[in-house]
Each structure stands twice: as structure tokens, then as C-alpha cells.
Amino acid sequence: MPADPQRVLAHLDALRGIAGDGNGAQSVAWTPKWQEVRAWFLTLLDGLPVEHHMDAAGNRWVTLPGASPRALILGSHLDCVPNGGWLDGRLGVLAGLETMRALAEEHGGVPPVTVRLVDWADEEGARFGRSLFGSSAFAGTATIEADRKRRDQEGVTLEKVLAECGVSVEKIGEAAVERKNAAAYLELHIEQGPVLERMGLALAAVTGTKGVERHAITFHGQEAHSGSTPMGARRDALAAAAKLALGIRPIALRHEDAVCTVGSVKTFPGIVTAVVGRCECTLDQRDLDAGVLAEMYSAARAASERFAAEEGCTVEWTRIWSIEPIPFHPELIALCEEAVREVTGTAHRMPSGPLHDAAEVARAGIPTVMMFVQSLQGISHNKIEDSRREHLEQAVTAFHRLAQKTIHWIQTNS
Ligand SMILES: [Zn+2]
């Protein structure tokens, strides 16, 4: 019994009506709308031979018991950013449900391995600035100390909001019990970038999530009067930062999939009549290869020192955050590529720039792969986020095939 892409599209359309308005999707985690969406999702389980529960971190688990307790996990997230898109996260959950339904039918209600579907809690971190909340609790990488103190813009604590949703911040680590018997994890997601559209491809196997080096960089020069200070006598901190903003381009372009971004620049005193004495900027660098990431970091650092010297300035660096690259499982990547080729005629593999729940699952040592479907114009986290209907249909079909192949893989690897 094949998965029915039309049912997934009908559910996605229904969700637009339930948790969307003229400004886009509205189901930010831990809000009444999110809870309404989750309650609606449970109604879709009627008639399926499944059980469901919420774990200690607020993740929703739906389990189709199989002949073996070893579990294939399918997952994504029903929460979104404010004014978000209609596919981000939702596609993965609803295609996962359809895949589960098809697998139940194929195997007379009892597949050879257990199949589980998870709706991760608060993937986006839109309200409290803490992304991958539920999946990191599952993976055992969550930090309760930091989470206990988090507040939203109105000053409401995360702890209070979690309690309203039936989650105790002290106990989120207990979500790790869900790792028991996990044999593989699959996630379908929109690309959220322009690569597949530019290549004219519908789907791709994802090789992993890129590592990130994120730094605050401050150039120190000399504040001076804009009228009285000759051009040759300036120590302009912004000039050095501007050179760096352009200087990171060739550093990134030496590597196929690497990206480097100066995303924020603040000048001091920041007035029209003064040469900039201090300039604070940020640098975000990403690649799937830890060696490339390390090389780009030292190249950017050396470049910043050169530009600072050219402008009579000094420079200091502070690491804001970093995460290592998280490669997915090579055999599952190959199976995903196979499923993509069977459905679309072309195989392609690519890394993910954004982090996803799948990265946390892979960090926990569970064999993982993601499948991407083309995004139109590469736009996401916005009401214009969209994908072609025929690509979404192909995605559901290919994802179901990937699940079938992975079940076989689990059986032959046990
Ligand atoms: Zn997402």
C-alpha cells in the first residue's frame, strides 16, 4: 500500500486554516495555538493501531508496535516561528504519519520492527531563544541550569510556561528514556535554501549538518572629528571591519559548501560627525568538514589582524558559540539517495546549513539521515515559504520508500 501524498497535502492545507492567518503560520511552541495544533494532530491517529504519549520534555511520541522492539523513528516539529511558513517542520510530521499509516497497512498492522513518530517540542526556540529544546533533552545535551533561567520578551519564565504545558523543567532529562531500542532516525524537511531550485532538482539526501563557528569581533581604532582629521591620519575601526566583511568571501569560496557571514555591525560613537573609534561585528562560519571549519576560522582571524594593522587598529575575538559538524550515517545516506533516484530519476546529496532535530538525534549515536525537498526561492521562516505540489508529492513517496529500505536495513543489521 503506497503512502498517499494527497492526504499529506490535505492535512497541510487544513493546518493552514487551524494555525495560520494572513501573516503566515502561527504555532509557536508552548502557546495555546501550538497546543491546539497538537490536539488536532492526535485526531489524525483515529483508527491507527498506535499508542501515544508525551515524554518528560514535551515531545509527542506515537508508536506502532512491530514484531521487534527495535525502532525506526520518523520525526520533525509542529511548532513554527511567528509568521512562519506552512511546510517547515509540519511536512516532516505529516509525511511521517502517512508513512506510518502505509507501513501499518502493508504489514497487517504489525511491521517487522517498531515504527515511532515524534513531534519534537520547540524546535525553533522562537519564544525563549533555545532551539532544538525537545530533541536535545532526548539526546542528553540539554542544560537545565540555563533553561531554568530563560524568559520570553514579556519576562515570563520558560519554567512557568513548561509547567502550563505539563512539563517540569527539572525532569526534561528523563526524555532520554525514549532512546531505548532506537535503531534509526529519518526526517523529511524543506531545504529552506535555493540550492535544489537552482539545480532543477526536487529532492536530495542530506549528508549532515554543518558545524558552526560564531564569534564577536571588535576592532579598536581612534574616535576623531570627521572634519578636522585628514584621511591619512585616521584609525578607522569601521574601515577594518568593512575589509573583513569582504575578505571572508574568498576564504569561504575556497571550499565548495562553506559559508561565512558578517551579520551584524555596530559602530561607536556611531554619529555622522565622528570617525569610528570602535566597531563590533559578528562572524558566522559553517562547513560540514571540521578541518575546513578550523582552517576558515584561522584564515579569518589572520585576515582581521592584517586589516586592523592596515588601518592602524587592533582587533580582539571572542567565541560566542560553536558546534561541531554532525555527519549523518553513510549507509542511510546511500539508502536515501537510492529512494530519491527511484522517485525523481536523479540522485543528489548535500549538507544542511541550518541545524535540525536530526542533528541532536545523530549526536546521540543513532544512525540518522534527512531528506530535503526543494524550496521555492529558497525562502523559509516566512509566509511566502513554498514548494511545488508535485515535489511535495514526490517527497512523500520517496520518504515512504526510504522508511521501507531502512526497516530492511535494521533487520539485516541486528
Ligand atoms: Zn524546521
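Reply: Start with F138: at 0% relative accessibility, F138 counts as buried. The model is predicted, so local features need pLDDT of at least 70 and side-chain atom pairs count only at pLDDT 80 or more, while totals for chains, interfaces and linings use all residues. Residues are numbered from 1 along each chain as its sequence is written, and side-chain values use heavy atoms, with hydrogens and water left out.

Me: What makes F138 buried?

Reply: Buried means under 20% relative accessible area, exposed over 50%, and partly exposed in between (1.4 Å probe, protein chains only). F138 has 0%, so the label buried applies.

Me: Why is the pair of W120 and F138 called edge-to-face?

Reply: Phe, Tyr and Trp rings (for Trp the six-membered one) pair if their centres lie within 6.5 Å; planes under 30 degrees apart are stacked, over 60 edge-to-face, the rest tilted. Here the centres are 5.1 Å apart and the planes stand at 65°, so the pair of W120 and F138 is edge-to-face. W120 sits in the loop between β6 and α4, F138 in helix α4, 18 residues apart. Helices (H or I, at least four residues) and strands (E, at least two) are DSSP runs, numbered from the N terminus.

Me: How do you know that W61 and W120 form an aromatic pair?

Reply: Their centres are 5.6 Å apart, with 80° between the planes. W61 is in strand β4 (residues 60-64) and W120 in the loop between β6 (113-119) and α4 (133-139), 59 residues apart. W61 is buried, at 0%. W120 is buried too, also at 0%.

Me: Which residues form one aromatic cluster?

Reply: W61, W120, F138 and Y185. The structure holds seven aromatic pairs.

Me: What makes R306 a charge over the ring of F307?

Reply: The rule asks for NZ of Lys or CZ of Arg within 6 Å of the ring centre and within 35 degrees of the ring normal. R306 lies over the face of F307, at 5.1 Å from the ring centre. R319 lies over the face of Y297, at 5.6 Å.

Me: Which residues coordinate the zinc ion?

Reply: H77 (NE2), D88 (OD) and H189 (NE2), at 2.0 to 2.2 Å. Donors are N, O and S atoms within 2.8 Å of the metal (3.2 Å for Na, K and Ca); water is not among the atoms, so sites may look incomplete. The donors follow the spacing H-x10-D-x100-H. Both H77 and D88 are buried.
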